[in-house]
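Keep the viewer open as you read.

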Amino acid sequence: MRWGLTEDANDARPKPPTVPAYLAQQAAERAAARARCAAGIRCTEPACLAYGAVKVTYLVDSWLCAGCIEATNIRLEAAGHAPDTVRPVPGGTPERGRYTVTLYNAIGKGARLVQCSSPQRVQFIAETVRPFNNTGYTIQVTAPPPN
Ligand SMILES: [Zn+2]
């Protein structure tokens, strides 16, 4: 008799490890977020949220897509502002800029700042890092110091 070498023992061999479903899902979600963020920073108009928005004049902490710049200017002009009050900031997404995302809880205290070096990366962090419940975020950019 050969102890432990029965057909049944073979069946008990460990199966190759499988990735737990939640981890696979998490990885898929991150990959999807990375793909979305390839276009850059998201428009801050809640009804829009298109990717690839630019830094604009007049509205602090706002990033707008071309359509929302136009719509905002129409709204502002109707309210008595000068035409084209909101314009893209020239060089608003500088190549070597420092992008800072402030992650916060809209109803609580505390915030976490994460700094990185590209619009794609900062938007990705804004969408995937969740230090608080009900997290909101704002993105700011500082141009690199001149050489
Ligand atoms: Zn927009």
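Take helix H3, residues 66-78: at 1.5 Å a residue, its 13 residues should span 18 Å, and the end C-alpha atoms sit 19 Å apart, which agrees. The expected span here is 1.5 Å times one less than the number of residues. Helices (H or I, at least four residues) and strands (E, at least two) are DSSP runs, numbered from the N terminus. Keep in mind that this is a predicted model, in which local features need pLDDT of at least 70 and side-chain atom pairs count only at pLDDT 80 or more, while totals for chains, interfaces and linings use all residues. Residue numbers start from 1 along each chain as its sequence is written.

Which residues of H3 are buried? They are Cys68, Ile69 and Asn73. These cover an arc of only 135° around the axis, which puts them on the same side of H3; the arc is that of the directions from the helix axis to the C-beta atoms. Ile74, Arg75 and Ala78, on the other side of H3, are exposed. For the cut-offs, buried takes 20 or more other C-beta atoms within 10 Å of a residue's own, exposed takes 12 or fewer, and partly exposed is in between, with C-beta atoms placed from the backbone. Strand S2 (63-64) is included in what covers the buried residues of H3. Just after H3, Gly80 has a positive phi of about 100°.

Of the 16 residues of H2, the number buried is 0, so H2 lies largely in the open.

Stepping back, the protein chain has 4 helices and 5 strands, running α-α-β-β-α-β-β-α-β from the N terminus on. Buried residues make up 18% of its 147 residues. Among contacts (C-beta atoms, placed from the backbone, within 7 Å) between residues at least 6 apart in sequence, 50% join residues at least 24 apart.

Now the core. A nonpolar core is a set of buried Ala, Val, Leu, Ile, Met, Phe, Trp, Tyr and Cys residues joined through C-beta atoms within 7 Å. The largest one has 19 residues, of which Ala53, Trp63, Leu64, Val101, Val122 and Ile139 touch the most other members. S2, H3, strand S3 (98-105), helix H4 (119-128) and strand S5 (135-142) each supply at least two residues of this core, and the largest share, 4 residues, comes from H4. In H4, Pro119, Val122, Gln123, Phe124, Ile125 and Ala126 are buried. Their cover includes H2 (21-36), S3, strand S4 (111-116) and S5. Leu64, not counting residues up to four places away in sequence, touches partners including Ala53, Ile69 and Val86.

S3 and S4 run antiparallel, joined by 6 bridges; strands pair if DSSP finds at least two bridges between them. Val101 has Val114 in S4 as its bridge partner. The hairpin of S3 and S4 has 5 residues between the strands, and Gly110 there takes a positive phi near 90°.

One last stop is Gly92, in the loop between H3 and S3. Is Gly92 buried or partly exposed? Gly92 is partly exposed, with 18 other C-beta atoms within 10 Å. Its C-alpha atom is separated by 5.2 Å from that of Lys55, 37 residues apart along the chain. Leaving aside neighbours within four places in sequence, Gly92 is in contact with Val54 and Lys55.

How values were computed
Contact = placed C-beta atoms within 7 Å.
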